[in-house]
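User: I'd like a close look at just one part of this protein, the inside space and what surrounds it. Could you walk me through that slowly?

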Amino acid sequence: MADEEGVRLQKVLSQAGVASRRVAERMITDGRVKVDGRVVKELGTRVDPTVAEIRVDGARVVLDDTLMYLAINKPRGMHSTMSDDRGRPCVGDLVEHRVRGNKKLFHVGRLDVDTEGLLLLTNDGELAHRLMHPSYEVPKTYVATVVGTVPRGLGKRLRAGVELEDGPAHVDDFAVVDTVPGKTLVRVTLHEGRNRIVRRMLAAVDFPVQELVRTDIATVSLGDQRPGSIRVLSRKEVGELYQAVGL
């Protein structure tokens, strides 16, 4: 774990953007920092940042500065792909103009062309793989505009599950957000990743979707990001994604 030829732990934490060196020292002495699974309280501890696994309050600290983690608000009408051989607008077009070295970036999951909202881009292959793998059950939240007035029992029905052509599907959470004449705004959370799953589930219960926006992936939220905008995830957000998939 410790390496006499390595870098002082508080300096590593400071350089990773966790906290100032003084605050990092307090984190260490308070027992909030683990290196390779063991709590470290000694300020003289040195580590090799290229191989050490460091966690603060249980969240992993990403030390590799070549790794990139981005959140994009994919506009409606844009394809989720990084390139399109038919010249259709795609996420890669946005990234190419704003992010250097984007060729190694890839999207985490997809949104269909008619759906707006949160898409994660990264070159961290292991994290991306786990976020997309169904066994990790990463929740995703959508806000949908549906036709008509939603009855009180619809959430219970969707939580119990509906039968689709490729098998049953259910939501983890469902709530009515707002109602206007002839339309209802609903919030749906689920960990399914099948193609157009939210649209198909709501259509199956006779509430076809008019507009759909993905607002959250795990603990990362779209917030007030405008369509087409890109932002870098915070260290906290990246750490929470690692926690969500057991890294």
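Analyst: The largest cavity is lined by Tyr69, Val108, Leu120, Leu121, Thr122, Leu127, Leu131, Leu233 and Leu241. A cavity here is a set of points, on a 1 Å grid over the protein atoms alone, where a 1.4 Å probe fits but cannot get out, and lining residues have an atom within 4 Å of a point. Keep in mind that this is a predicted model, where local features need pLDDT of at least 70 and side-chain atom pairs count only at pLDDT 80 or more, while totals for chains, interfaces and linings use all residues. Residues are numbered from 1 along each chain as its sequence is written, and side-chain values use heavy atoms, with hydrogens and water left out.

Who supplies that lining? Strand 9 (116-122) and helix 4 (125-132) are the elements that give two or more residues to it, and strand 9 has the largest share, with 3 residues. Helices (H or I, at least four residues) and strands (E, at least two) are DSSP runs, numbered from the N terminus.

By class, the lining has 8 nonpolar residues, 1 polar and no charged ones. Nonpolar means Ala, Val, Leu, Ile, Met, Phe, Trp, Tyr, Cys and Pro; charged means Asp, Glu, Lys and Arg; the others, Gly among them, are polar.

As for volume, the largest cavity has about 40 Å³, and the count of cavities of 30 Å³ or more comes to 1. That volume is the space filled by probe spheres set on the points, with grid points joined across faces, edges and corners.

Now follow Leu241 from the lining to helix 7 (residues 235-244), where Leu241 is buried, as are Glu237, Val238, Gly239 and Tyr242. Buried means under 20% relative accessible area, exposed over 50%, and partly exposed in between (1.4 Å probe, protein chains only). After helix 7 comes glycine 246, with a positive phi near 75°.

Conventions: On a 1 Å grid over the protein atoms alone, a cavity is a set of points where a 1.4 Å probe fits but cannot get out, and a pocket is an open set with protein on both sides within 12 Å along at least five of seven lines; lining residues have an atom within 4 Å of a point.
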